[in-house]
Amino acid sequence: MSVRSENNNEVHFQAIIEAIPSPLALNDAQGSILYLNRAFIETIGYTPDEIPDLASWWPRAYPDPQYRQWVADKWKESMEAARLSGQPFAPLEVDITCKDGKVGTFLVSPTVLGKSFDGIHLVTLFDITQRKRMEERSQFQKIALDRAGEEIFLIDEAGHILDANETACRKLGYSMEELCRMSVSDVNPFFPFENWAQHWQTLKREKILNFESRHQCQDGRVFPTEVVANYFEYEGAEYNCALVRDITERKLSEARIEHLVRLYRALSEVNQAIVRMEDESALFPLVCKMAVDFGGLKMAWIGRLEEKSGLIQPSVCYGSGSDYLKTASMSVNALLPEGQGPAGTAFRENRIVIVNRFLENAMTKPWHQQARRFGWNSSGTFPVVRGGKPYALLGVYHNHEEAFDEETIALLDEMVRDVSFALDRFDQERVRLKAEEDLLSSERHFRAYFERSMVGMAATSPEKEWLEVNDALCEMLDYSPEELMGMTWPEITFPEDLAANEEMFARILSGEISEYEMDKRFIRKNGEITYAHIAVRAVYKDRGEIDYLVLLVDDITSTRNQQRQLELLVHHDTLTGLPNRALFNDRLEMALAKARRSEGKLAVCFMDLDGFKPVNDTFGHATGDLLLVEVAKRMLAISRASDTVARLGGDEFVLIFSDISDESECRQLLMRFMGSIGKSFSIGGHEIQVSASIGVAIYPDDDADGDSLLRHADQAMYIAKQAGRNRIHFFDVLNDQLVQVRSEGRSRVELALKSNEFTLHYQPKVNMLSGKVIGVEALIRWTHPERGLLPPIEFLPLIENSEFEVRLSEWVVTEAMRQLEAWRKEGLNLTVSVNIPARHLQSEGFVDFMASIIARYPEAGSGLLELEILETAAFGDMSSVIRKMEACIELGLRFSIDDFGTGYASLAYLRRLPADIIKIDQLFVVDMLHDMNDLSIVKGVIGLAEAFQKEVIAEGVETKEHGVRLLEMGCELAQGYGIARPMEPQNVAEWVRNFRTPVEWTIEGFNNKH
């Protein structure tokens, strides 16, 4: 649009507007845009035709409605302010969107022209886009510098600080104003200001300098720095832009690395020395020196325990402050203050003890005063192990707190471990040298031993040929040396043992093993079999190949035969050959387990012969034994394959009937047994008639365990006897009369204890050969008000397996301990043995009870009390019984197995039970002089005791002949009526003083006889 010029002044005015370089626009009071100059069109991009009025201009210049409204409001405010103040319109800074989409920042300044222009406004736009961008960039750069992690300083040629970033202010603790009044030497007092001129010339020449320095904070704290100084010139002036980085962490890391390198060097020096050393004499001083010289520690010492005083005495030390050790007392006694410190704890607990704040730790309190004097702030104590146990201590000290980090501890620990390894190596080398010396000596003796040994010895080739044999082996196999040397060992090996022997031999040849042991059989020259235990070991060449094999051969033929006899003795009745109680119990448990699985029935039958005692009394024990053998034969002849027939002892037999349907079937089977036994026996020209009383318990009608079933069958047999004998009685779980009978009897026995009617008598036990009284056995008696003095058989069966049985056993133990204490006060020292029933031993509080009794009678001494048990006490839970026995042994008690040989024992029980003594039952000892079976049993038990390294004592010695025969078999300890009957306690001391062993039993008498 153009303005109509009416005169030359208007033309002149238009020329002026066009010459102005800033964008200009004219608009009237109605909002029409009258004119745009060239600068406007070129800058904004719109022509007059495109924006004829303000209505079309505003949406293009301010496309955002909110921003457009904001501009309009500001415009009105400025216009109103100018009108009211009479002042010119204040320029308004706005962002205008040009036609090409670019946004520029402008100062908009409207001017009202004179009256002659009739309300026309002149609007001038001043483009400040570039200036705004520069201001924003400057502000951004300022923020970036302030947020930088390093200190940044602008320094002039004179060394004055002109500017700094916020990081510099924060790290040094000064405000910006304070820093800008300071010079370089103020923040780095370690850089003298007089050196500044020379430093500036170097910087000017090099342009960039990189060096390490230090800065000091306002609070006096100093930290290391790395400085990068940059020289530049601006508008004729010279400047230094310095970047300063805090390198405290780096310096600490470098110091730590240097410290570890020094420790590694110390470790290396020690290891190299260990290789060269042959003993420990110079090792400990070297370790201390290396720890100080290379490890950066201030002082190190090594000390050892003085056993007598319990003190740890330093023997070697190195470094400054070694006088500290002269006053520092260190003990291993944890009850003493000096024993609770690092040294005592490290030695006692075999562990490293680190104290990184020595003067603040309660553990080191006894040594704080000395530590302050010598400047110790950290310590480490390392146990030196020798042979798996603490041998010495390495103590190290530092004057800094927290001086022992994980790496330092690990390196010192490794050094100490290397020292321990060296000590063990020195010991091993001494052992090796000693072994070499011994070997030279032993080789001279070996040949003599090989040739004269009572054990078979040989060398064989890998091809199984005999290379060398000794005389003992030749004698064992009945071959001459020349005959054996021409054979291989498989040729004389029993065929059934050859495969197992070949397998073990092959494993040696393959290198899988280097030695083995086994039992095998050899075939002697005459065809007989020799049982042998062999031990084979390979001897290798230098290259690891087998050179030959060494063979040791032990003839175990007699031992094997004896073992088989003992096994038969343990599991079978020696008279009848029937299973004994141990084997019967095993079979009963298996039968019960089968019945439970199949939900079937089984019967346990307890049989006692009627009229057997008169047979013994009339015809003698030998005839009675023959009768028992014939009874056993008849029972076996009519029993089924699934039945078990066993003898418990005397004339008592038990049977197990498996897979029965009901009581009727069981009765039919038992009637056959009773009928067979009821027929007369012809023995020794005598016709003998007996019958049988049988008690029966049927499972699961009687849902009990094996022991209870047998006990119930025994009770039922007792009722059968009471009912007239020669009959069968089935146990009634609910209403059996025996329960009532025994219950009444048990109540009377319980009343007897309350009424103090029980007493203990004591039967002496002696060493027949030496004549020494070794102890007494406590035997309970009942002083019955009406019946007089009663033996145990009269009342103990009534309380068997009851709770009261435990109470009565506790009374016996207590009374025995009381009597022991009384005898000791009188000067009589005897061991006292008491019988412990199985139920008491198996009870939960048995061990606690024994401990309380020992504590109650301290003067009696636990070592004089001996507990006698039947091996059946371990039936059921053997492991629990063994644990209780071992606990009692720790209290000082001893155990013996009573009545051994009555058919209860097994080798497994004898081997596992921790008893010291075996007592041979009097049943066998009494009759051994005329009964070869009983004599064999006694011999077997004595041999068994010797094999298991246990003492053996014989009960039932009634005559001098009994004693002589026992001594001939190797049994020296005995008791019985032939020595002394049980006596009241007040008579024991006098009897002991007067006892003299028969001359036939003395060493002199025994030697004269033999």
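This is a predicted model: local features need pLDDT of at least 70, side-chain atom pairs count only at pLDDT 80 or more; totals for chains, interfaces and linings use all residues.
View 1. The residues that line the second largest cavity divide into eight nonpolar, six polar and one charged. This cavity has a volume of about 120 Å³, and of its 15 lining residues, Tyr-324, Met-330, Pro-342, Ala-343 and Tyr-397 lie nearest the centre. Helix H13 (342-349), strand S14 (378-386) and strand S15 (389-398) each contribute at least two residues to the lining of the second largest cavity.

**View 2. Strand S15 and its pairing with S14 and S11.** Strand S15 is mostly covered, with eight of its 10 residues buried. Nine bridges join S15 to S14, and these two strands run antiparallel; within this pairing, Val-384 has Ala-392 in S15 as its bridge partner. S14 and S15 form a hairpin with two residues between them, and in the turn Gly-387 has a positive phi of about 65°. Strand S11 (residues 299-306) also runs antiparallel to S15, to which six bridges join it, and here Ala-300 stands opposite Val-396 in S15.

**View 3. The largest cavity and the elements around it.** The largest cavity has a volume of about 200 Å³; among the 17 residues that line it, Ile-155, Val-184, Phe-211, His-215 and Val-227 are the closest to its centre. The lining of the largest cavity divides into 12 nonpolar residues, five polar and no charged. At least two lining residues come from each of strand S6 (151-156), helix H8 (184-187), helix H9 (196-206), strand S8 (208-216), strand S9 (222-234) and strand S10 (237-246).

Definitions and conventions: Residues are numbered from 1 along each chain as its sequence is written. Side-chain values use heavy atoms; hydrogens and water are left out. On a 1 Å grid over the protein atoms alone, a cavity is a set of points where a 1.4 Å probe fits but cannot get out, and a pocket is an open set with protein on both sides within 12 Å along at least five of seven lines; lining residues have an atom within 4 Å of a point. Grid points are joined across faces, edges and corners, and a volume is the space filled by probe spheres set on the points. Helices (H or I, at least four residues) and strands (E, at least two) are DSSP runs, numbered from the N terminus. Ala, Val, Leu, Ile, Met, Phe, Trp, Tyr, Cys and Pro count as nonpolar, Asp, Glu, Lys and Arg as charged, and the others, Gly among them, as polar. Buried means under 20% relative accessible area, exposed over 50%, partly exposed in between (1.4 Å probe, protein chains only). Two strands pair if DSSP finds at least two bridges between them.
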